[in-house]
Amino acid sequence: MKIPAYLELVDAAEDSLAGSFRRAAEVHPEEPDIVGVCTSLAGQCEEHRGALGPLLRRYGAVDPGDVPDGPPGPRSDTHRTGSVGLLCDLQDLWMLASFVHLSWTVVEQAANGLRDHGLATVVRTCDRETEVQLQWLTARIKQTAPHALIAGR
């Protein structure tokens with residue numbers, strides 16, 4: 001059974017997303033909504049990891065040969081500032097959150113195939129919250145783009 005490898009992948013992706021949300025909050029302190037919302041969303045990702053803990057233990061150890069490539073990382077280790085930097089950081093967050101969402105979808109299909117209602121419930125709850133994260137990121141990208149690309153502020 002390969003589910004343990006995908007559960008590990010989702011856990012790593014949620015960890016990466018939490019760290020990326022926290023980094024965005026630190027790098028863009030001039031944007032109060034970024035600080036507040038990103039900090040909150042990072043906490044949500046950590047709650048998802050907490051919900052994964054019992055599932056990781058239940059499904060057992062991962063065969064190292066089964067581990068898929070990890071989540072995409074940030075494009076840059078530099079601190080991007082200003083409105084264009086914020087736009088790029090939001091796009092990176094959107095891509096990582098999309099990876100998390102799709103990974104939850106994959107695990108949900110396996111849960112359905114196994115008729116594991118406990119796993120399916122955790123997946124649906126966490127994935128719904130990830131979808132809301134994506135909606136917020138999309139809205140914030142749309143809000144930021146004109147200022148960043150036209151006004152150049």
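This is a predicted model: local features need pLDDT of at least 70, side-chain atom pairs count only at pLDDT 80 or more; totals for chains, interfaces and linings use all residues.
**Helix crossing.** For the geometry of the pair I took H1 as residues 3-27 and H2 as residues 32-59, and I found that the two helices pack at an angle of about 160°, with their axes 8 Å apart. I then sorted the residues of the contact of H1 with H2 by type, which gave 19 nonpolar, three polar and seven charged.

**Cysteines.** I searched the whole structure for disulfides and found zero, so I went on to the sulfur distances, keeping in mind that a disulfide needs a pair of cysteine sulfur atoms within 2.5 Å. For Cys88 the closest cysteine sulfur belongs to Cys38 and lies 15 Å away, which is too far for a bond. For Cys126 the closest one is in Cys45, at 9.6 Å, and that is again too far for a bond. I also looked up the accessibility of both residues: Cys126 is buried, with a relative accessible area of 4%, whereas Cys88, at 26%, is partly exposed.

**Val106.** I located Val106 in helix H3, which covers residues 82-114, and I recorded this valine as partly exposed because its relative accessibility is 37%. Finally I checked Val106 against His48, and noted that the two are 58 residues apart in sequence, while their C-alpha atoms are 16 Å apart in space.

How values were computed: Residues are numbered from 1 along each chain as its sequence is written. Side-chain values use heavy atoms; hydrogens and water are left out. Axes are lines fitted to C-alpha atoms, for helices over the stretch in contact, and angles run from 0 to 180 degrees between N-to-C directions. Helices (H or I, at least four residues) and strands (E, at least two) are DSSP runs, numbered from the N terminus. Ala, Val, Leu, Ile, Met, Phe, Trp, Tyr, Cys and Pro count as nonpolar, Asp, Glu, Lys and Arg as charged, and the others, Gly among them, as polar. Buried means under 20% relative accessible area, exposed over 50%, partly exposed in between (1.4 Å probe, protein chains only).
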